[in-house]
Amino acid sequence: MLGSDLKTSTGVRVVVADDYAQMSRLAADIVTEVIAGNPGKAITLPTGGTPRGMYEVLTERINDGSLDFYSVEFFCMDDYLGKSIDDDTSLTAWLNGAFLKPANLSGPTIHFVPTMADDPDAAAQRYDAQIQGLGGFELAVLGIGNNGHIGFNEPGSPIDAETRVVDLTIESRDQNAAYYEDGSQIPDKAMTVGVKRFLEARRIVLIVSGAGKAEIVAKALEGPISSDVPGSYLQTAKDRLTVILDEAAAANLTLS
Ligand code: F6R
């Protein structure tokens with residue numbers, strides 16, 4: 001590992017991993033540790049390209065019996081409005097394929113974003129209330145979009161945004177359309193856990209990999225705290241935040 005105790009110019013603690021595999025393992029280690037120490041508490045983990053390696057490690061541990069994932073309440077973070085787990089292009093279907101199925105996870109401790117509800121706004125509020133009813137998140141692991149979104153809290157989202165239905169930006173829709181070879185249409189609305197719930201988490205981990213994210217990582221962690229880059233709100237979490245980057249994603253930061 002290049003650095004395990006580095007800080008950005010704004011005081012954010014950053015771990016620079018040698019590579020993607022190490023970033024994934026370090027993130028999985030934190031998830032494992034938090035789960036072991038907090039039975040009955042709530043956690044949220046992201047979908048996307050970045051966490052795939054972390055899920056592989058978690059799956060291994062669940063399958064060899066060294067991690068009891070059922071001891072916590074797991075809340076999916078976000079998904080497209082009107083897409084269910086049965087729709088291959090939903091984020092929950094992605095999560096199912098990358099994690100829930102290989103790890104044999106199902107049942108009442110696995111909470112899906114209620115994107116199919118008749119009244120999505122009310123359902124989003126209930127999802128939020130469920131998280132708060134468990135005392136908020138013990139752990140939120142986040143990725144960051146090219147436009148600075150966290151979850152699907154897009155640029156313009158306020159720092160106290162609750163779990164809700166959102167309009168997706170063209171940037172986010174393009175980013176996610178790239179995951180599907182057939183050029184699948186990404187809906188223009190989604191439901192996401194709100195910034196506020198992330199920022200209240202007892203522990204927040206941001207994982208980012210690759211040169212393509214170096215610029216947005218620097219904006220989020222060393223730029224002004226602004227709704228233009230929702231990832232910049234993470235700076236306010238201070239010591240509760242751990243950022244794990246590979247070298248390429250850390251390239252534009254001033255670390256010491
Ligand atoms: C996904 C999510 C998004 C992603 C972000 C990075 O559930 O909430 O905020 O974490 O778009 O995506 P990847 O990892 O695919 O670059």
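1. On a 1 Å grid over the protein atoms alone, a pocket is an open set of points with protein on both sides within 12 Å along at least five of seven lines, while a cavity is a set of points where a 1.4 Å probe fits but cannot get out; lining residues have an atom within 4 Å of a point. Grid points are joined across faces, edges and corners, and a volume is the space filled by probe spheres set on the points. With these terms, the largest pocket has a volume of about 430 Å³, and of the 25 residues that line this pocket, Thr47, Gly48, Gly49, Gln175 and Tyr179 are the closest to its centre.

2. This is a predicted model, in which local features need pLDDT of at least 70 and side-chain atom pairs count only at pLDDT 80 or more, whereas totals for chains, interfaces and linings use all residues. Residues are numbered from 1 along each chain as its sequence is written, and side-chain values use heavy atoms, with hydrogens and water left out.

3. The lining of the largest pocket divides into 11 nonpolar, 11 polar and three charged residues, where Ala, Val, Leu, Ile, Met, Phe, Trp, Tyr, Cys and Pro count as nonpolar, Asp, Glu, Lys and Arg as charged, and the others, Gly among them, as polar. Helix H3 (91–100) and helix H5 (170–177) each supply at least two residues of this lining; helices here are DSSP runs (H or I, at least four residues), numbered from the N terminus.

4. The space taken by the ligand is the largest pocket, a molecule being placed there if more than half of its atoms lie within 2 Å of the grid points. Of the 15 residues around the ligand (a heavy atom within 4 Å), Thr50, Asp78, His149, Tyr179 and Lys213 come nearest.

5. Polar contacts are pairs of N or O atoms within 3.5 Å. A polar side-chain atom of threonine 50 lies 2.4 Å from an oxygen atom of the ligand, and a polar backbone atom of glycine 49 is 2.8 Å from a ligand oxygen atom.

6. The largest cavity has a volume of about 40 Å³, and its lining includes Leu45, Cys76 and Asp78. H3 gives the most to this lining, with three residues.

Technical notes. A polar contact is a pair of N or O atoms within 3.5 Å; within protein, one must be able to donate a hydrogen and the other to accept it, and residues adjacent in sequence count only if both atoms are side-chain atoms.
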